[in-house]
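Dear colleague,

Please find the structure below, followed by a short account of what was found in it.

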Amino acid sequence: SAREEGSSHKCFYTPDLDVVVNTRVAMKSGLGRALERDEFSLVFQPKVDVKSWTVCGCEALLRWRSAELGNVSPADFVPVLEETGLINQVGEWVLENACRQRRALIDRGVMDVRMAINLSVRQIRPTFPATLLDILRRTGLRPSDIELEITETVLMKDSDEVVLVLHELAGMGVHLALDDFGTGYSSLSYIKLMPLHTIKIDRSLITDIATGAEDAEIVRAVIDMGHSMSRRIVAEGVETEQQLAHLRRLGCDEIQGYLFSRPVPGPDLLKLLAGLSSYA
Ligand code: C2E
Ligand code: MG
Ligand code: MG
Ligand code: MG
């Protein structure tokens with residue numbers, strides 16, 4: 001098969017393409033029923049302040065357990081949600097449930113852990129701020145209790161509508177984070193014009209930071225320039241003590257990754273942060 005021939009032929013003519021197409025078709029129909037079948041859930045991954053080594057935030061990550069396909073990765077199904085437009089409905093479900101989890105933390109005395117939620121570009125429409133305000137009101141949260149993560153490609157679209165909505169959200173007091181920085185082509189000078197509180201450096205730049213001099217220099221430059229623009233810097237996908245030591249030396253503000261914790265279900269997050277011992 002093509003796989004055995006090595007990487008030079010992958011993705012083109014192989015029978016695997018049928019599998020890919022069939023899986024996409026199955027995903028499309030499955031995703032259309034996933035909300036009513038209650039197949040979505042959220043897991044939460046802590047973000048840790050490098051200086052104090054305390055949890056300062058967490059990120060809500062969507063999970064889908066399909067009746068037909070089993071567990072599907074968001075890297076595979078989120079693009080399908082975006083294509084079909086289902087992302088708006090599902091995105092609202094994510095917002096509502098992530099906000100409920102934030103509320104549950106506050107109710108247990110955990111005040112200073114901001115809840116980060118990933119946002120697709122298709123969700124950033126003129127009606128979005130009102131939708132969000134409604135969810136915040138229903139869950140009893142302030143805008144500053146949450147942070148919205150958007151990827152570089154959102155900014156690269158350079159649409160006036162998107163930029164306006166981002167400014168409106170920031171004006172409300174919602175924190176905005178630039179996700180996966182280093183995978184696209186946006187320049188830091190462009191980022192400077194955007195109302196972003198946080199820059200998240202993509203895992204691909206963090207992986208070799210302890211062994212590859214070049215990546216370490218890039219990360220140093222991002223941290224220094226980000227700080228000169230008063231942005232907080234988060235490193236994604238930190239897995240080793242060596243990576244952490246480097247990031248600490250370079251002045252990174254927060255880390256997120258398996259080193260501290262994998263993403264965990266809501267009850268485990270409460271246990272972790274609110275010290276609940278008898279949580280089922
Ligand atoms: P992301 O927002 O950049 O999330 C970080 C991803 O890295 C997550 O993958 C997380 O589980 C993974 N990760 C965290 N720490 C480590 C680590 O130390 N090592 C490794 N190898 N991986 C780590 P996940 O949960 O599979 O999500 C993938 C992507 O799917 C997310 O990337 C995000 O772009 C998208 N996504 C997830 N949930 C949502 C959602 O609710 N809405 C939207 N629009 N996109 C979502
Ligand atoms: Mg994210
Ligand atoms: Mg990311
Ligand atoms: Mg990502």
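The pLDDT is the predictor's confidence in each residue, on a scale from 0 to 100. The chain has a mean pLDDT of 90, with 92% of its residues at 70 or more. Residues 1-10 fall below 50, and beyond near neighbours in sequence this stretch has three contacts in the model (contact means heavy atoms within 4.5 Å). The scores are ipTM 0.98 and pTM 0.92.

This is a predicted model, in which local features need pLDDT of at least 70 and side-chain atom pairs count only at 80 or more, while totals for chains, interfaces and linings use all residues. Residues are numbered from 1 along each chain as its sequence is written, chains are lettered from A and ligands numbered from 1 in the order written, and side-chain values use heavy atoms, leaving out hydrogens and water.

As to the metal site, the magnesium ion (ligand 2) is coordinated by Glu59 (OE), Asn118 (OD1), Glu149 (OE) and Asp179 (OD), at 2.0 to 2.3 Å. Donors here are N, O and S atoms within 2.8 Å of the metal (3.2 Å for Na, K and Ca); water is not among the atoms, so sites may look incomplete. Along the chain, the donors of this ion follow the spacing E-x58-N-x30-E-x29-D. The magnesium ion (ligand 3) is 4.1 Å from ligand 2, and Asp179 coordinates both. Glu59 lies in strand S2 (residues 55-66) and Asp179 in strand S6 (residues 175-181), so the pair ties together parts 120 residues apart in sequence. Strands (E, at least two residues) are DSSP runs, numbered from the N terminus.

Terms used: Helices (H or I, at least four residues) and strands (E, at least two) are DSSP runs, numbered from the N terminus.
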